[in-house]
Amino acid sequence: MLLIAGLGNPGPRYAGNRHNIGFMAVDEIHRDPSFSPWSQKFKGEISEGRIGAEKVLLLKPQTFMNASGESVAAAAAFYKIEPASIIVLHDELDLPPGKVRVKTGGGHGGHNGLRSIDAHLGREYRRVRLGIGHPGAKELVSPYVLGDFAKVDQEWLRPLLEDVARNVGLLASGDDAGFMNRLSGAGAKPKDKPSVGAVAEPKAKQKGASHIRQARGAAPQRIPTSGPMADMLKRIFGKD
C-alpha cells in the first residue's frame with residue numbers, strides 16, 4: 001500500500017495559502033472516481049482508492065503544519081506502511097513557481113511539516129517538492145507562505161496541479177524521473193515588456209551617426225524645371 005500525504009493547514013482561513021499547495025495537489029488527485037469520500041481518521045482526512053494496480057491511501061493531516069508527523073505516522077503505523085512507500089507533497093521555497101522535483105531523504109530545509117515527519121518516521125520517505133518561489137528575504141518568508149496565491153499565479157498553479165494528478169501513476173510506480181519529465185514545470189514567466197519610459201529608436205537612425213550621415217541615405221531632391229522657382233534658378237545659375 002502507498003501513502004500519499006499532502007501538507008497544509010486546516011480550515012478555510014488557510015485554504016488558499018501558498019503553504020497549502022500540498023493539500024491542493026492531493027485534492028486534485030482525489031478527483032479520480034476510484035477514491036472514497038474523505039473521512040476523519042489519524043488526526044487527518046483520509047481517502048482510499050487505487051492508482052493503477054497500487055492501493056493508495058490519501059492523507060491531509062489536520063494537525064496544523066508543525067505537527068504533520070503525528071498524522072502521517074499514525075496512518076503509517078495502522079496500515080504498516082514503511083517510509084519508502086510514503087510520498088509527501090509540500091511547498092518548496094527554493095524552487096521557482098511551477099517547478100517540481102522529487103527526492104528521497106535529505107534534510108527538511110527549514111520546512112516545519114517535513115521537520116515533524118522526520119522526527120516521527122526518519123528521512124527515508126519520498127518528497128514531491130512543489131515550487132512556490134522565494135520572497136527574497138528571510139523575514140518575508142512567514143507572511144509569504146501564509147499568504148494566498150495571487151490571481152496571476154493561477155496561470156501556472158492550475159496546470160501544475162492537473163499535471164500532478166494526471167501523472168501520479170508514474171509516481172506510484174516508482175518512476176520519479178518519468179513523473180518529473182511529464183510535468184510542465186514551466187513556472188510563471190512574465191511577458192516581455194519594455195522598460196517604463198523607454199522610447200524605441202527609429203530603425204533608420206544609426207546609433208551615434210551625425211545629422212549629415214543620417215541625411216546621406218535620403219532620397220535626392222528633384223530640381224523644378226518649370227514654374228516661378230525654375231525661372232528664379234535660371235536667372236541665378238544660368239539656363240543650364
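**Notebook: surface, annotated sites, salt bridges**

I began with the surface: the accessible area of the chain comes to about 14,300 Å², and 53% of that belongs to carbon and sulfur atoms. Accessible areas come from the Shrake-Rupley method with a 1.4 Å probe, and for residues only the protein chains shown count as cover. The model is predicted, so I note its limits: local features need pLDDT of at least 70, side-chain atom pairs count only at pLDDT 80 or more, and totals for chains, interfaces and linings use all residues. Residues are numbered from 1 along each chain as its sequence is written, and side-chain values use heavy atoms, with hydrogens and water left out.

**Whole chain**

I looked up the secondary structure and found nine helices and seven strands. Helices (H or I, at least four residues) and strands (E, at least two) are DSSP runs, numbered from the N terminus. Of the 240 residues in the chain, 42% are buried. Buried means under 20% relative accessible area, exposed over 50%, and partly exposed in between (1.4 Å probe, protein chains only). I then took the contacts with a separation of 6 or more: residues 24 or more positions apart account for 64% of them. Contact here means heavy atoms within 4.5 Å.

**Binding-site annotation**

I checked the UniProt record, an unreviewed entry, whose "binding site" annotation covers Tyr14, Phe64, Asn66 and Asn112. From this set, Asn66 and Asn112 are in the lining of the largest pocket. For the pocket I used a 1 Å grid over the protein atoms alone: a pocket is an open set of points with protein on both sides within 12 Å along at least five of seven lines, whereas a cavity is a set where a 1.4 Å probe fits but cannot get out; lining residues have an atom within 4 Å of a point. UniProt positions are given in the numbering used here, feature names are shortened, and annotations may be inferred rather than shown by experiment.

I looked at Tyr14 next, which lies in the loop between strand S1 (2-6) and helix H1 (21-30). Tyr14 counts as buried because its relative accessibility is 17%. Not counting residues up to four places away in sequence, Tyr14 touches Asn9, Asn20, Phe64 and Leu146.

Phe64 sits in the loop between strand S4 (54-61) and helix H2 (68-79). With a relative accessible area of 42%, Phe64 is partly exposed. Leaving aside neighbours within four places in sequence, I find Phe64 in contact with Gly8, Asn9, Pro10 and Tyr14.

**Active-site annotation**

The unreviewed UniProt entry places the feature "active site" at His19. I find His19 in the loop between S1 and H1. His19 counts as buried because its relative accessibility is 13%. Beyond four places in sequence, the residues that His19 touches are Leu7, Gly8, Asn9, Met65, Asp91, His111, Val145 and Leu146.

At 7% relative accessibility, Val145 counts as buried. Val145 touches Asn17, Arg18, His19, Asp91, Leu93 and Ile132, with residues up to four places away in sequence not counted. I also took the C-alpha to C-alpha distance from Val145 to Pro135, ten residues apart in sequence, and got 8.9 Å.

**Salt bridges**

I searched the whole structure and found ten salt bridges. The criterion is a side-chain nitrogen of Lys or Arg within 4 Å of a carboxyl oxygen of Asp or Glu.

Glu45 forms a salt bridge with Lys60, and the closest N and O atoms are 3.3 Å apart. This pair links distant parts of the chain, with Glu45 in strand S3 (residues 44-51) and Lys60 in strand S4, 15 residues apart. Glu45 counts as buried at 19% relative accessibility, and Lys60 counts as buried at 8%. I also noted a network of salt bridges that links Asp27, Glu45 and Lys60.

Asp176 forms a salt bridge with Arg126, the closest N and O atoms being 2.5 Å apart. Here Asp176 is in helix H7 (residues 176-182) and Arg126 in strand S7 (residues 126-131), so the pair links distant parts of the chain, 50 residues apart. Both Asp176 and Arg126 are buried.

My last entry is the salt bridge of Lys55 with Glu48, whose closest N and O atoms are 3.9 Å apart. Lys55 is partly exposed, with a relative accessible area of 38%, and Glu48 counts as partly exposed at 28%.
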